[in-house]
Amino acid sequence: MFARHCETHCFDAIFTKVLPCCRRSDKTLGVYSMFEVWYGRDGTKVLVRLATSADHTALVETLQRSAPDADPGSQVTIDDFDSFLSTPDMLVLWAESAEGALGMLVASMPTTCESYIHSIRVAPNARNKGIAAILFKVAARLCVRHQGAGSVGRWGVPGDNTTMLFWSDRHFSEKVSFTLYKASTAPSGDRVGVLPSGWSCRYGRGDDISSIMAHLRGERGDFAITSSGWGTARLVSLHSACALNVELLGRYISGEVFTHATPFIEGGLQHMCPPLLVFDGEGALVGLATMSVVLFAGARVLWLSYVDGSPCGLEVVLKVVRHEAAAAGCAAVCGYLPTLDLITTATNQDGYQKGAAEFFAYSWKNQDEI
């Protein structure tokens, strides 16, 4: 529906990129190519292809300061662009006409069944011509091609970006809100005195996955966020969001280290930690947190992705996280958590601070957008 003013004209194979199947699977996608001709709302002939490093000049001259999905001053720098091109699970789409660059879009595929759209840019002289809609439609079709008809698409919009919020609200019905939380690390990594009497905590193993998933599906326990109907989708990194599933849990448990597609993360690496599990005195799972460690602005930061648990367990796991951050040599804890009263209550403890930044995540079925 986003490209209703445009029509597909042809499909040729002239640009190629090798993609593993979302980087996590034994299956391979091999090499695929794409070059498409579309028409904008004003009749402009739009060529859509995969971006290459040869697009540096056009990026700087035309698109660098165009940021419809972020702060007006934000930029896709050459370093950003090159990191997107080199990241195995990212597709960088480029739109151009005979007159020059029109826009770009990046589609991340964090798991084998989900995609995350980001870094949308449209040249100032190409606004209101349907360029972003064309790129979106092409991205949705490529995701379905690689992930199947069940592919889920997502993107996130900062709360102060009223233009993109208005556009997204008109086009998507699935929307949730997240709030940025920051916390200082505990004085030490020692857990003594942190847990209630009889409680315990440890890092998850492969044989914990079925139990974790049963709790996330609401089949066991009383996980408060799951019970609220919020879902399990969270930001895994700055350019990737997806639901917590068996595949992603396996990556956390294996302690995967992957290249982070942004120069803000020094060294370009994000170290995933096995999920932190908290058990009550009867051995029941009452708290869960997934985390990773990144080097940001010269300091190690514990990125908190998914947290859940019983009302009491949620508060305890957030407390334990600060001690784990200290044990990992981190200077701070940071993460976007659901905008829910129960999160506000659970973080009403020493060390946590609710930020002003709000982030809205939208989701859709890619098959429906083709």
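How many disulfides does the count come to in this protein? In the predicted model examined here, the count comes to zero disulfides. A disulfide is a covalent bond between the sulfur atoms of two cysteines. Among the cysteines of the chain, Cys 143 is buried, with a relative accessible area of 0%, whereas Cys 312, at 43% relative accessibility, counts as partly exposed.

The protein has 370 residues, of which 55% are buried, and its secondary structure comprises nine helices and 17 strands. When contacts between residues at least 6 apart in sequence are considered, 68% of them join residues that are at least 24 apart.

When residues up to four places away in sequence are not counted, Met 104 touches Leu 59, Leu 63, Val 76, Phe 81, Val 92, Leu 93, Trp 94, Ser 119, Ile 120, Arg 121 and Leu 135. One of these contacts, Ser 119, is located in strand β6, which runs over residues 114–122, and at 6% relative accessibility Ser 119 counts as buried. Although Ser 119 is not a glycine, its phi is positive, at about 55 degrees. A positive phi is also found at Asn 128, a residue other than glycine, where the value is near 65 degrees. Asn 128 lies in the loop between β6 and α3 and is exposed, with a relative accessible area of 72%.

Helix α4, formed by residues 162–171, has a buried side and a face turned away from that side. Met 164, Leu 165, Ser 168 and His 171 are the buried residues of this helix; they cover an arc of only 135 degrees around the axis, which puts them on the same side of α4. The face turned away from the buried side carries Thr 162, Thr 163, Phe 166 and Arg 170, which are exposed. The elements that cover the buried residues of α4 include the strands β7 (152–158) and β17 (352–365).

Apart from neighbours within four places in sequence, Arg 322 is in contact with Ala 183, Ser 184, Thr 185, Ala 186, Val 333, Asp 350, Gly 351 and Tyr 352. The contact with Ser 184 involves the backbone oxygen of that residue, which the side chain of Arg 322 reaches at 2.7 Å. The C-alpha atoms of Arg 322 and Leu 302, which are 20 residues apart in sequence, are 8.9 Å apart in space.

Gln 349 is placed in the loop between α9 (341–346) and β17. With a relative accessible area of 13%, Gln 349 is buried, and when residues up to four places away in sequence are left out, Gln 349 touches Glu 315, Leu 318 and Lys 319.

Towards the end of the chain, Asp 368 is found in the segment after β17. The C-alpha atoms of Asp 368 and Val 152 are separated by 9.8 Å, while the two residues are 216 residues apart along the chain.

Definitions and conventions:
Residues numbered from 1 in each chain as written. Predicted model: local features only at pLDDT ≥ 70, side-chain atom pairs only at ≥ 80, totals over all residues. Heavy atoms only, no water. Buried < 20%, exposed > 50% of the residue type's maximum accessible area, 1.4 Å probe, protein only. Helix = DSSP H or I, 4+ residues; strand = E, 2+ residues; numbered from the N terminus. Arc of directions from axis to C-beta. Contact = heavy atoms within 4.5 Å. Disulfide = S-S within 2.5 Å. Polar contact = N/O pair within 3.5 Å; in protein donor to acceptor, adjacent residues only side chain to side chain.
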